[in-house]
Amino acid sequence: YEAWVGFKDLKYNCQSFYRQDLPSLPISKDTIVCGSINTAHQAFDIIGCKRPLQDSIPEELSKFTNRKIWKSTLGQVREDDTICFIKPLKVQKLFTGHIRGHMYYLMETSSLPNNTEILCSEIVDFETEWRGFVLNKELIGLKNYKGDFSKIPDIKVINQAISEFTSAPIAYSIDMAIHNDK
C-alpha cells in the first residue's frame with residue numbers, strides 16, 4: 001500500500017490487480033509491479049527476466065545479526081536433527097522460515113530435496129522486527145512488521161549496515177530486529 005501511495009504522489013498511473021490476473025495484464029520490462037516476493041517472481045517470469053538470487057543474509061552483513069548463523073542443507077539438519085531456526089538460503093519464500101522441529105512446518109519442507117541450501121541460526125527471542133527500505137544506498141523508509149513498535153532499531157546501525165553492504169542491488173529491503181539478549 002505504501003508503494004501505491006508513493007507512486008500515486010509521483011503521478012504514476014497505478015492499477016490494482018489480483019496476482020492470479022497478472023498473466024493477462026499488459027506488463028513489460030518498463031512496468032513497475034509491487035507486491036509480494038511471489039508476485040515479483042511471477043512478473044519476472046512473464047516478462048522473461050531472470051529472477052535475482054540473493055543470500056538471505058549476505059556475508060558482509062553477518063556481523064549485524066548478533067547471533068550464530070551458519071549455512072547448511074536440509075539434509076544435514078534432517079540427519080543430525082538440529083533444533084534451530086531455518087530459512088531458504090538463496091530462493092526467497094521457497095518455504096517460510098521456522099524453528100526446525102515444529103510439526104506445522106515439517107510438511108512445508110518434507111517434499112524439498114536434501115541438497116536444498118538453507119541458512120540456520122540459533123534461536124533468539126525477537127522483541128520487535130522492522131523492515132527498512134533502501135534505494136541508492138539510502139534508507140528511505142522503516143516499518144515495524146512484528147512485535148513492539150515502540151522499540152525502534154538504532155538508525156546509525158542500519159545506516160552502517162547499508163554502507164557495508166557493498167554488493168547490494170540498487171533497491172532492496174533490510175530487516176532489523178531487537179532481541180532480548182542484545
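This is a predicted model: local features need pLDDT of at least 70, side-chain atom pairs count only at pLDDT 80 or more; totals for chains, interfaces and linings use all residues.

User: What share of the residues counts as buried?

Analyst: A residue counts as buried when its relative accessible area is under 20%. Here that applies to 27% of the 182 residues in the chain.

User: What span does the C-alpha trace have along its principal axes?

Analyst: About 50 × 40 × 30 Å.

User: How many helices and strands are there?

Analyst: You'll find 5 helices and 7 strands in the chain. Follow the sequence and the pattern reads α-α-β-α-β-β-α-β-β-β-α-β.

User: In what order do the strands of the open sheet lie?

Analyst: Strand numbers follow the sequence, starting from the N terminus, but order in a sheet is read from who pairs with whom. In this open sheet, 4 strands lie in the order 1-4-2-3, with antiparallel pairing. Its edges are strand 1 (69–73) and strand 3 (98–99), each pairing on one side only.

User: Which residue stands opposite I69?

Analyst: Look at strand 1 and strand 4 (residues 117–121), which are joined by 5 bridges in the antiparallel sense. Across from I69 is S121 in strand 4.

User: And how far apart are the mean positions of the positive and negative charges?

Analyst: Take the 22 positive charges and the 23 negative ones: their mean positions are 3 Å apart.

Methods: Residues are numbered from 1 along each chain as its sequence is written. Side-chain values use heavy atoms; hydrogens and water are left out. Two strands pair if DSSP finds at least two bridges between them. Helices (H or I, at least four residues) and strands (E, at least two) are DSSP runs, numbered from the N terminus. Buried means under 20% relative accessible area, exposed over 50%, partly exposed in between (1.4 Å probe, protein chains only). Lys and Arg count as positive and Asp and Glu as negative; His and the chain ends are not counted. The place of a charge is taken as NZ of Lys, CZ of Arg, CG of Asp or CD of Glu.
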